[in-house]
Amino acid sequence: MTERKLLILFGSQTGTAQDTAERIGREAKRRHFQCRVEALDSYEVANLINELLVVFVCATTGQGDPPDNMKMFWRFLFRKNLPPSSLCQLDYAVLGLGDSSYPKFNFVAKKLHKRVLQLGGNPLLPVALGDDQHDLGPDAVVDPWLLALWDKILALYPLPPGLEIVSPDVRLPPKYTLHYLAEDSPHPDGGLLQPTAPRTVPSELHPFPARMVSNQRVTAESHFQDVRLIEFDVAASGITFNAGDVVMIQPQNCSEDVQQFCQLLRLDPERCFVLKPTEPGTSLPALLPQPCTIRYLVTHYLDISCVPRRSFFELLSYFSTNELEREKLQEFSSAQGQEELYSYCNRPRRTTLEALWDFPHTTCAIPPDYLLDLIPRIRPRAFSIASSMLAHPDRIQILMAVVRYKTQLSKPRRGLCSTWLASLNPEQGDVRVPLWVKKGGMKFPADPDTPVIMIGPGTGVAPFRAAIQERVAQGGRGNCLFFGCRQKSKDFYCQAEWEELMTKGFLTLFTAFSRDQEEKVYVQHRIRENRRLVWELLSSGSAHVYLAG
């Protein structure tokens, strides 16, 4: 009898593809498969030739790009020297997650499906194209596709004699078990944020604890939006970057939310634990120290402020001791209940913590072992770097709008990372922020004499500030910037800096202050007014044009 082994590989940017991959993994366990779920870049890609059964789940980002955690896999798969029969023993299926409002809808999934086919793979089903724009979201495609997939897979790998599919009423074991240490055991110091001598260039697994140098509000106090110019010290980190690159910041939950969460779940924040994987071969979460306190887990790891997904309510329903709550949770996790779940969660942007408040009987019955199955990890946030190393050596600056908006819920919604960063005051002691740098999608001309036209309304001007600083340091004068905001007196970022560069002849600046006169004026009006100059730069100066929102 052939081994019933299934490998599920995912490429995920925001966590949706990972969530779907883990859902397929749970369905595989109910069908008694030996199953591994891994990010594509964590998987040793050379082993793919030995696999018999693989399901790929992948998102598409930006302009048809693969997510960050499958970029190495992608490069390997498209190597010209791979023999066309490399994957001839592989049965596979590809599930794509995309958004049909983008021109390259599900481009990565379509291309992956085609490439594995070229290399001799045998597709079990046509590629599934999940669509965020559908009223029911990607599940409208995913649900029926998975039913068909299991029919195909079970025809190839029938259930072993005497075994039935594990009923959906039965709760699967958790991925990890939490083993509390004796009350008097020494406390871990949450070693992640201790400045250590960097072993390698900082990365997601080894962020650099950068000291915040300044945190300055750059909009008028009377302006509705709070925008900050924040500076970090990255001396001795090994970090280097160019204009157009991006800084990734790993945020944390605020202490009030952490306290509420621990009270709701009746957890002692000071208790120490170690994690043990339930199944051999499962690796431990990379960003959690061992041993760890509950407070560290909830502050730095569990994303209690994200909008919960369908899988959250499905798992929660198993812990419910209250019939009314259990019925509601089961409805939210059913295919029929997705519209109602959307209205409850996604439309008002209700957080995981707020959802837990609404199910109090269930929440206090959640076994701590299941916390890491129930709540995803906090994802890093990306910011355009707004400074150049040539102008500010050993420093990174960002221009950040503090996210705050109203929905039908009484409490305003707040961005996790921007609210946390805005709350930090470097004048009150040593403030550290875990960060690393990533290549951005914008490349500026290597020759500083090539003119550039930059269109950057609002905080979209951030990467252009880096580019202008870099080009000015190299003596480049052909810098043309179209900047737009609401009012000259309230949100004209970096005004003094731009004016000084204009005086010195390094910058041509056109501004559009949309609310400073009766009729609204935007950057596109200024471009039209200056069309002769723009055309001259494009036609005879072969200028590059950049746009950031």
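Helix α15 lies across strands β19 and β20, and its direction makes an angle of about 140 degrees with β20. Here contact means heavy atoms within 4.5 Å. Axes are lines fitted to C-alpha atoms, for helices over the stretch in contact, and angles run from 0 to 180 degrees between N-to-C directions. Helices (H or I, at least four residues) and strands (E, at least two) are DSSP runs, numbered from the N terminus.

This is a predicted model, in which local features need pLDDT of at least 70, side-chain atom pairs count only at pLDDT 80 or more, and totals for chains, interfaces and linings use all residues. Residues are numbered from 1 along each chain as its sequence is written, and side-chain values use heavy atoms, with hydrogens and water left out.

## The parallel sheet

Strands β19 and β20 belong to an open sheet of 4 strands, in the order β20-β19-β18-β21, with parallel pairing. Two strands pair if DSSP finds at least two bridges between them. The edges are taken by β20 (507-513) and β21 (544-547); each has a single partner strand, so one side of each has no neighbour in the sheet. From one strand to the next, the twist averages 10 degrees.

Inside this sheet, β18 (residues 452-455) pairs with β19 over 4 bridges, in the parallel sense.

## The antiparallel sheet

Another open sheet has 6 strands, ordered β13-β10-β17-β8-β9-β14, and its pairing is antiparallel. At its edges stand β13 (381-384) and β14 (395-401), each with a single partner strand, so one side of each is left without a neighbour in the sheet. Direction ignored, neighbouring strands of this sheet are turned by 40 degrees against each other on average.

Strand β10 (residues 246-249) and β13 run antiparallel and are joined by 4 bridges. M248 has A382 in β13 as its bridge partner. Helix α13 (residues 416-423) lies across β8 (208-217), β9 (227-233), β10, β13, β14 and β17 (432-438), and runs at about 115 degrees to β14.

## Aromatic pairs

A pair of aromatic rings is described by the distance of the centres and the angle of the planes. Rings of Phe, Tyr and Trp (its six-membered ring) pair if their centres lie within 6.5 Å; planes under 30 degrees apart count as stacked, over 60 as edge-to-face and the rest as tilted. The structure holds 15 aromatic pairs. One of these is the tilted pair of F33 and W150, with 6.2 Å centre to centre and 40 degrees between the planes. F33 lies in the loop between α1 (16-30) and β2 (34-39), and W150 in helix α4 (residues 139-156), so this pair ties together parts that are 117 residues apart in sequence. Both F33 and W150 are buried; buried means under 20% relative accessible area, exposed over 50%, and partly exposed in between (1.4 Å probe, protein chains only).

F483 and Y493 form an edge-to-face pair, at 6.0 Å centre to centre and 65 degrees between the planes. F483 is in strand β19 (residues 479-485) and Y493 in the loop between β19 and α15 (495-503), so the pair ties together parts that are 10 residues apart in sequence. F483 is buried, at 0% relative accessible area, and Y493 counts as buried at 4%. Elsewhere, F312, F313, F332 and Y344 form one aromatic cluster.

## Charges over rings

A charge sits over a ring if NZ of Lys or CZ of Arg is within 6 Å of the ring centre and within 35 degrees of the ring normal. The charged end of K104 is placed over the ring of F107, 4.9 Å from the centre. R477 lies over the face of F506, and here the distance to the ring centre is 4.3 Å.

## Backbone details

The peptide bond from Q290 to P291 is cis, with omega near -5 degrees. P291 is in the loop between β11 (272-277) and β12 (292-293).

A236 is a residue other than glycine with a positive phi, near 65 degrees. A236 lies in the loop between β9 and β10 and is exposed, with a relative accessible area of 65%. R349 also has a positive phi, near 55 degrees. R349 is in the loop between α9 (338-346) and α10 (352-358) and is partly exposed, at 35% relative accessible area.
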